[in-house]
Amino acid sequence: MSSVHVRDLKKSYGHAPVLHGISLDIEDGEFVILVGPSGCGKSTLLRMIAGLEGVTAGEIRIGSRVVNNVPPKERDIAMVFQNYALYPHMTVAENMAFSLVLKRASKAEITQKVQQAAAILGLETMLDRHPKELSGGQRQRVAMGRAIVRDPKVFLFDEPLSNLDAKLRVQMRSEIKALHQRLKTTTIYVTHDQIEAMTMADRIVVMRGGVMEQMGTPLDLYDQPANLFVASFIGSPAMNQIPGSIGAKGFVADTGHVLPLPTSAVAQIGRSAVYGIRPEHMTLEPSGMPVRVKTVEPTGSETLLLTELSGPQTSIDITAVFRGRVAAAPGDTIHLQPDMAMVHLFDKETGHRIMA
Amino acid sequence: MSGFNLYTRGDRIFGIANASLMLLFVLSTLYPFIYIVSASVSSGFAVSSGQVVLWPVDPTLAAYKHVLSDRMFWISYGNTLYYAIVGTLASLIIMVPGAFALSRPRLRGRRLITFLIAFTLWFHAGQIPFFLNIRDLGLLDTRIGIVLAFACNAFNVILLKSYFESIPASFEEAARMDGATDFQLLWKIFIPLAKPALATVTLLCLVTRWNGYFWAMVLLRSEEKIPLQVYLKKLIVDLKSDDGFASRLMTAEYSFETITAAIMVASLIPVVIVYPYIQKYFTKGMTLGGVKE
Ligand SMILES: Nc1ncnc2c1ncn2[C@@H]1O[C@H](COP(=O)(O)OP(=O)(O)OP(=O)(O)O)[C@@H](O)[C@H]1O
Ligand SMILES: [Mg+2]
């Protein structure tokens, strides 16, 4: 086990910069998830830590050792690939044993470690099968087994669940989490599924366009998004964003409606801003803003309302979620009252968070 | 509506024409084979006088008896086996690592090298310079010369290279993470995964070596080193021009025609034995480079 430190890391392919200087410190035993939209550089960062991609500038340390020029096999890191990359010509046991065989471990040690990993992952009865004789979830487990037997300092996962169906994904999610709680190996995990990130991570790193937007615990990111991008990326359905400006009596939306603001915002009167409110932080009250219902999506336990706030010049889409059922139909006008304590304010130009 | 016949008249005519044409092809490749077998077990006189058309006439094993007691037959047969087996091994030892290296993007200058190799598919110096080259290397009339001169074949290298390239990069990456060296990567991952391509290339090498004739005839002088095909040629040409020998044979139960037929059959025996087992690779080889799991 080991900590991982990335200092001002840059990567370019030819002249195309992909990572623009990423710094993060991952503690020993931590489970850190990298999230971000497709193409933002998550895999690139992970593969640089693995040693599969060279470093253009900056520094990667594993524990106290700078590994910029250390080949993958000497980094003591195991990686689980998105497509698992199980060797098709080897059995499950051989797949798991491969790294140990290359290390010239003794037969007894190999058998013992493979058995142990198989027991952890429930693969005991499949050791003699070939990868093509396994289901997606089983292959996923073998890929993890291959990582476990090495007892590495760090586990890297690159979207390991994206090839599984929704149900299996939920199951494997908790299996991976349980595994981490058991082994306590430092883990860096890439996904673009924010639910996966929220439910599994100790800390989340949100990336966009080769830049780190924010790093924090899942609830930090939910409660205190550093900017509009994180605000819209974390949380589902996404946070509502209402452009306007800060006025004396509250937030004046571009539609002309006045929305409640905490008193601390008064200091910023006149500033152009974006008002952020999560769909789950609004109540139905006559004093709320009048919105016209466009669609109603009941899931049983919740009701999702897609609505529109209309002004003379513009109109803004607003999503609201309520526990239980709501008696509303498309075309109805309802009144949504934001919970003042849950309001976020962002600078209109920079997108940065304004209020603490 | 006249029914739900899936096949129109045109389809049926096409089908019949197609089948007849195929049958014609099969017969035209099969016939020489049958003729050779029949000739080898017919009497010399029957063959020389043109009585053998399809089936054996005056069946006799005399030609085989003669061939099997011929010292040169065994020597040249042994040579052919040597050239086929050692030559194929040498080819694989040279071409597999070469193709593997060429298939890795991190090899500098791989485009240029690949181009130069592919270039030889269409353009080469010609036979005289090639001969002079072999001569100046001191490889004339040596077994190793025959083995080395044809060990590397551009088509096969490119076939192997493409196949290695079609193997997903994540296998290499996984193996690197597992601690494999380049050599282990090739030996433990890529060679097992490239079995279909390797089988095809092995087969192509073996067949080319087995039938190799022209260069063996040009480069080898001593009888002790010539392969079966060259010996066969020698028999046909030399004996035919040797009137005395020919007439002596004519009177016997065998003629040089039945003898050459018997040698041809003998040279085909290993191929006929092995073919059923490797046949699938012939067809597989044609479709290589497709998707790999
Ligand atoms: N070998 C390469 N050569 C050139 N550009 C590359 C290479 N690999 C990645 N890139 C570019 O780097 C950027 C980041 O890619 P990366 O694979 O890290 O994204 P990602 O965040 O993992 O996306 P996804 O969620 O789709 O997997 C992309 O714009 C991609 O086009
Ligand atoms: Mg990726």
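Residues are numbered from 1 along each chain as its sequence is written, and chains are lettered from A and ligands numbered from 1 in the order in which they are written. In this predicted model, local features need pLDDT of at least 70 and side-chain atom pairs count only at pLDDT 80 or more, while totals for chains, interfaces and linings use all residues; side-chain values use heavy atoms, with hydrogens and water left out.

Chain B contains 15 helices and zero strands (DSSP runs numbered from the N terminus, helices being H or I of at least four residues and strands E of at least two). Of its 293 residues, 39% are buried (under 20% relative accessible area, with exposed over 50% and partly exposed in between, for a 1.4 Å probe and protein chains only). Contacts (heavy atoms within 4.5 Å) in chain B between residues at least 6 apart in sequence join residues at least 24 apart in 72% of cases.

Ligand 1 is surrounded by residues of chain A, including Tyr13(A), Val18(A), Ser38(A), Gly39(A), Cys40(A), Ser43(A), Thr44(A) and His192(A) (a heavy atom within 4 Å of the molecule). An N or O atom in the side chain of Lys42(A) is 2.7 Å from an oxygen atom of ligand 1. A backbone N or O atom of Gly41(A) lies 3.0 Å from a ligand oxygen atom, and a polar side-chain atom of Glu159(A) is placed 3.3 Å from an oxygen atom of ligand 1.

Grid points are joined across faces, edges and corners, and a volume is the space filled by probe spheres set on the points. The largest pocket has a volume of about 1100 Å³. Among its 33 lining residues, Phe130(B), Ala149(B), Phe150(B), Cys152(B) and Asn153(B) are the closest to the centre. Helices of chain B that each supply at least two lining residues include α4 (71–103), α6 (127–136) and α11 (195–211). The lining comprises 22 nonpolar, ten polar and one charged residues (Ala, Val, Leu, Ile, Met, Phe, Trp, Tyr, Cys and Pro count as nonpolar, Asp, Glu, Lys and Arg as charged, and the others, Gly among them, as polar).

Two cavities of 30 Å³ or more were found. The largest cavity holds about 60 Å³ and is lined by residues of both chains, among them Met79(A), Arg146(A), Ala174(B) and Asp178(B). Its largest share of lining residues, three, comes from α4(A), and the lining has seven nonpolar, no polar and three charged residues. The second largest cavity holds about 40 Å³. Its lining includes Phe31(A), Phe157(A), Leu179(A) and Thr187(A), with α5(A) giving the most, three residues.

Helix α9 (169–177) of chain B, which supplies at least two residues of the lining of the largest cavity, has eight of its nine residues buried. These buried residues pack against α1 (42–50), β6, α2 (92–102) and α4 of chain A, and against α10 (182–193) of chain B. Gly179(B), with a positive phi near 100°, follows α9(B).

Several backbone features lie in loops. Most residues other than glycine have a negative phi, and most peptide bonds are trans. Ser236(A) and Pro237(A) are joined by a cis peptide bond with omega about -5°, and Pro237(A) lies in the loop between α8 (228–233) and β11 (240–246) of chain A. Arg104(A) has a positive phi near 60° and is exposed, at 74% relative accessibility. Asp141(B) also has a positive phi, near 55°, but is buried, at 17%.

His344(A), in strand β19 (residues 344–347), is buried with a relative accessible area of 4%. Its side chain reaches the backbone oxygen of Met342(A) at 3.5 Å.

Notes: Polar contact = N/O pair within 3.5 Å; in protein donor to acceptor, adjacent residues only side chain to side chain. 1 Å grid on protein atoms, 1.4 Å probe; cavity = no way out; pocket = protein on both sides within 12 Å on 5 of 7 lines; lining within 4 Å.
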